Amino acid sequence: MDGLATSVTLAASLAFMAFALNGARPDDALASAALAGACTGFLPLNWRPAKIYLGDAGSHFLGFTLAAVSLNLRYSHQNELAVFSPLVILALPLFDLALMIVIRSRKGIPPWKGSPDHVPLRLRHLGLCVPRVVLLLSGLTAVLGVLVYAASFLGLRQALLLWAMLGMAAVLVAAWLI
């Protein structure tokens, strides 16, 4: 979908940059800032109607870079739950993957075969236009990044409550999309 991978990567890389800056990791902050800058420069050309496409190689590069940066950061400031922050920052692609596997398995389709079961395509079928789907999902990634960054400074009890609410919201969205 035009602009989706680029805008989600932009939001996620900014969240990782915040963690890197707070954890005194200037090299990781620089890598995150470079990725955010590349996405910012590429996004106008990738927005609907796209003039340039990422393709598989480009989207895999973005995912690999996000994964590499996420593995090198310090997340736990006040509580140990913050170590799971990268999973929430990258919740959209992980949620899409898990939901796609569940839906395809229930249909009897192998998970590695193609089908229109991805979250963005389901949102399109619900009547949202492409720019709204992209803005919704990249905005959701940004909100999740802010929430887990804030949660990393909470005490264990408050963080556990926030994480439980995020988990319940994910289950409700999954049930609605299925």
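A salt bridge is taken here as a side-chain nitrogen of Lys or Arg lying within 4 Å of a carboxyl oxygen of Asp or Glu. I kept that cut-off at hand throughout, and I noted at the start that this is a predicted model.

Entry one. I searched the whole structure for salt bridges, and the search returned 4.

Entry two. I looked up lysine 107 and found that its side chain meets that of aspartate 117 in a salt bridge, at 2.9 Å from N to O. This pair links distant parts of the chain, since lysine 107 sits in helix α5 (residues 91-107) while aspartate 117 sits in the loop between α5 and α6 (119-125), 10 residues apart.

Is aspartate 117 buried or exposed? I read a relative accessible area of 1% for aspartate 117, so this residue counts as buried.

I then turned to arginine 122, which forms a salt bridge with aspartate 117, with the closest N and O atoms 3.4 Å apart. Arginine 122 has a relative accessible area of 17% and is therefore buried, the cut-off being under 20%. Salt bridges with shared partners join Arg104, Lys107, Asp117 and Arg122 into one network.

Methods: Residues are numbered from 1 along each chain as its sequence is written. This is a predicted model: local features need pLDDT of at least 70, side-chain atom pairs count only at pLDDT 80 or more; totals for chains, interfaces and linings use all residues. Side-chain values use heavy atoms; hydrogens and water are left out. Helices (H or I, at least four residues) and strands (E, at least two) are DSSP runs, numbered from the N terminus. Buried means under 20% relative accessible area, exposed over 50%, partly exposed in between (1.4 Å probe, protein chains only).
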